[in-house]
Amino acid sequence: MSNAIIVPAGATFVHEGDTIPFVPDVDIAPGDVVVLNKLVGVAKFGIYAGARGSITVRGVFSLVKDPTTNIPAGTILYWSEISHHVIKNQYEHSMIGISVEDAPPSTPSVRVRLLH
């Protein structure tokens, strides 16, 4: 017998959660990073302003980084809305995910597993 706590909350499955619906105020291009407060995703496809689309919040993406920064595999990364690239500094930035391979200095991007 387990010690599970069962709560009759009436939850209903909606979908797997790899993407979430999104209606932008401006046109979104494929590959754009979208920050919704602390939720960060990537547009796999373009979305016109005012049209319903979706952003991806799970998966591995190659994202731009500062080419002078060393990012080892397993580093928690944040999205800077100021510099528009991934960074290692949490200060008031939204977490985007974790690096899945090393990205040494001189490399312009890092592979990131989105964590939402």
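## Surroundings of His-85

Beyond its neighbours within four places in sequence, His-85 is in contact (heavy atoms within 4.5 Å) with Val-64, Lys-65, Asp-66, Tyr-78, Trp-79 and Ser-80. This is a predicted model, in which local features need pLDDT of at least 70 and side-chain atom pairs count only at pLDDT 80 or more, while totals for chains, interfaces and linings use all residues. Residues are numbered from 1 along each chain as its sequence is written, and side-chain values use heavy atoms, with hydrogens and water left out.

His-85 belongs to strand S7 (residues 85-87); strands here are DSSP runs of E with at least two residues, numbered from the N terminus. With a relative accessibility of 16%, His-85 counts as buried (under 20% relative accessible area; exposed is over 50% and partly exposed in between, with a 1.4 Å probe and protein chains only). Its side chain makes a polar contact with the side chain of Ser-83 at 3.2 Å. Such a contact is a pair of N or O atoms within 3.5 Å; within protein, one must be able to donate a hydrogen and the other to accept it, and residues adjacent in sequence count only if both atoms are side-chain atoms.

## The five-stranded sheet

An open sheet of 5 strands runs in the order S5-S9-S8-S6-S7, with antiparallel pairing; two strands pair if DSSP finds at least two bridges between them. S5 and S7 stand at the edges with a single partner strand each, so one side of each has no neighbour in the sheet.

Strand S6 (residues 76-80) pairs with S7 in the antiparallel sense over 3 bridges. Within S7, Val-86 is the bridge partner of Trp-79.

## Nonpolar cores

The largest nonpolar core has 13 residues, of which Leu-63, Ile-71, Leu-77, Val-86, Ile-96, Val-110 and Val-112 touch the most other members. A core is a set of buried Ala, Val, Leu, Ile, Met, Phe, Trp, Tyr and Cys residues joined through side-chain atoms within 4.5 Å. Two or more residues each come from strand S3 (39-42), S5, S6 and strand S9 (109-115), and S9 gives the largest share, 3 residues.

A second, separate core of 8 residues includes Ile-20, Phe-22, Ile-47 and Val-57.

## The salt bridge

The structure holds 1 salt bridge, defined as a side-chain nitrogen of Lys or Arg within 4 Å of a carboxyl oxygen of Asp or Glu. Asp-18 forms it with Arg-58, their closest N and O atoms being 3.5 Å apart. Asp-18 lies in the segment before strand S1 (19-22) and Arg-58 in strand S5 (residues 58-64), so the pair ties together parts 40 residues apart in sequence. Asp-18 is partly exposed, at 37% relative accessible area, and Arg-58 is partly exposed, at 37%.

Conventions:
Helix = DSSP H or I, 4+ residues; strand = E, 2+ residues; numbered from the N terminus.
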